[in-house]
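Please keep the sequence and the 3D view open while reading.

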Amino acid sequence: MAKGFSGGVHPHEEKYTEKIAIEAMPLPKRVYIPFSQHTGKPALPLVKKGDEVKVGTKIGEADGFISSSVHSSISGTVVDIKKYPHPVVGESLCCIIESNNQDEWEQGVKVKQNYESLSRKELIEIIKEAGIVGLGGAAFPTYVKLSPPEGKKIDTIIINGCECEPMLTADHRLILEYPIGIIEGAGLFQRVLDAPRLIFAIENNKLDAADVLKKEGVEVVILKTKYPQGAEKQLIKAVLNREVPRGGLPMDVGCVVQNVGTAYAAFQAAKYRKPLIDRVVTVTGDGIKEPKNLLVRIGTRAIDVINHCGGYTNPPKKIIFGGPMMGIAQFTDEVPVIKGTSGIIVRARAQTFPEGPCVRCASCIDVCPMGLMPTEIYKFVKNRRFKTAKEFGALDCIECGCCAYSCPARIPLVHYIKYGKAEIRRTEKK
Ligand code: SF4
Ligand code: SF4
């Protein structure tokens, strides 16, 4: 077993869906595909109202270096392009497509290709064209991660199969059901980056997944089940005992981290020229009648996914996109699944507690995996002393939520710190 990282917490796992096989959700009647589903600039629309599209038609072009293309996930007609609810940014420009129920794919997509002989440059271009982004949540364009600047040598690729967020099981199921595709995708990353070492990182609550990978002869490192084990910097520390410098990137310590879902998507892009038009989503929580792991077309509304899972048990108190620790609470169930949506959690019961005064217990400091002092940072933010909050490392916060989880005074520390970070960035931009 590998070493760990300092800090972190042990929330109840609640992985109720870990034994439930992935099921493909029937085609939605309409999809709502935002042009912004990734870190970086939104894609530029390539279609207009009335256009006919197929599955895999490019509907948005990457705009600049850090951006990603988007594709239609069904065949049919573009019925509108307008602002629509978005699960991360509240609202954004969206392409609404009405299905023709034909599921017609773009020419050449899903046809087996020989990608083994392609050059590194060609593989990167295929991944870029397919709109592949990190599927672990941050949705950073994958081709950018595969294009380190001149002089940055990558010696190790870590394929992240930790899925440390409670309740989520999409990655776990993907490893159990599609190990070969994941391994081929990982090998493709290894070839592109010319990295000598490839490691699969798995938490010890998924030993069946580790066994499946080991049987295929790849290197697997088993890690302690601890949140946030799957965060890049913590993962690199635990697996390689290397520390990413403050403000730095994994490539500064010779490493690139990719999620298992991203590896599988890259494999599908290379082998079948399949753009990123679907993903596995865990749908769970006490508010869902039949929790499932679903293969969902991008742009499907949460309510359609929930209805496919038998609907709500009771009127929902909270709907979260992502995991319970880092996920984002939604104001409507009309929001669509996007590339970074790993889970939809519905709570039928949700208690809210009033914020109390800080009792100076230091729990938040003990659990912070970034070695920060959340109690100090939140006080500076509360008093609008953003410059001092920055000096105390606010921008290094990875928003994991460990501090708020462990705070006996129920202070929403992450909300304060997120707000502080936004204010610091806004001032610096000025
Ligand atoms: S301060 Fe940020 S990094 Fe530290 S525990 Fe809180 S959310 Fe996580
Ligand atoms: S955990 Fe909460 S109460 Fe304890 S020091 Fe941190 S902010 Fe204060």
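The points below go through a predicted model, from its domains to its ligands.

1. Domains. The domain assignment divides out two parts of the protein chain, domain 1 (120-272) and domain 2 (363-429). Their C-alpha centres lie 28 Å apart. The two domains touch: five residues of domain 1 are in contact with five residues of domain 2. On the domain 1 side of this contact, three residues are nonpolar, one is polar and one is charged.

2. The main nonpolar core. The largest nonpolar core holds 121 residues, and those that touch the most other members are Ile158, Ala201, Ala266, Val305 and Leu413. H7 provides the largest share of this core, with eight residues. Domain 1 (120-272) and domain 2 (363-429) each give at least three residues to this core. As a general background, nonpolar side chains in soluble globular proteins tend to be buried together.

3. Ala201. Which residues is Ala201 in contact with, leaving aside its neighbours within four places in sequence? The list is Ile158, Ile159, Asn160, Gly161, Cys162, Val221, Leu223, Leu235 and Val239. Ile158 and Ala201 are both among the core members that touch the most others.

4. Helix H7. This helix covers residues 260-272, and its 13 residues reach 18 Å from the first C-alpha to the last, close to the 18 Å expected at 1.5 Å a residue. H7 is largely enclosed by the rest of the structure, because 12 of its 13 residues are buried. The buried residues are Val260, Gly261, Thr262, Ala263, Tyr264, Ala265, Ala266, Phe267, Gln268, Ala269, Ala270 and Lys271. Arg273 follows H7 and has a positive phi, near 55°.

5. Helix H3. H3 spans residues 170-177 and is also largely enclosed by the rest of the structure, since six of its eight residues are buried. Those buried are Ala170, Asp171, His172, Arg173, Leu174 and Ile175.

6. Met25. Where does Met25 lie? Met25 is in the loop between strand E1 (22-24) and strand E2 (30-34). Is Met25 buried, exposed or partly exposed? With 19 other C-beta atoms within 10 Å, Met25 counts as partly exposed, because a residue is buried only from 20 or more. In sequence Met25 and Leu294 are 269 residues apart, yet their C-alpha atoms are 6.0 Å apart in space. Neighbours within four places in sequence aside, Met25 is in contact with Leu294, Leu295, Val296, Thr300, Val305 and His308. Of these, Val305 is one of the core members that touch the most others.

7. Ligand 1. The shell around ligand 1 has 16 residues, the closest being Cys368, Cys397, Cys400, Cys402 and Cys403. By class, 14 of the shell residues are nonpolar, one is polar and one is charged. At least two shell residues come from each of helix H12 (402-406) and helix H13 (413-429). H13 gives the most, with three residues.

8. Ligand 2. How many residues surround ligand 2? There are 13, and the closest are Cys358, Cys361, Cys364, Thr375 and Cys407. The shell around ligand 2 divides into nine nonpolar, three polar and one charged residues.

How values were computed: Residues are numbered from 1 along each chain as its sequence is written. Chains are lettered from A and ligands numbered from 1 in the order in which they are written. This is a predicted model: local features need pLDDT of at least 70, side-chain atom pairs count only at pLDDT 80 or more; totals for chains, interfaces and linings use all residues. A residue is near a molecule or strand if its C-beta atom, placed from the backbone, lies within 6 Å of it. Ala, Val, Leu, Ile, Met, Phe, Trp, Tyr, Cys and Pro count as nonpolar, Asp, Glu, Lys and Arg as charged, and the others, Gly among them, as polar. Helices (H or I, at least four residues) and strands (E, at least two) are DSSP runs, numbered from the N terminus. Two residues are in contact if their C-beta atoms, placed from the backbone, lie within 7 Å. Domain bounds come from an automatic or database domain assignment. The expected span of a helix is 1.5 Å times one less than its number of residues. A nonpolar core is a set of buried Ala, Val, Leu, Ile, Met, Phe, Trp, Tyr and Cys residues joined through C-beta atoms within 7 Å.
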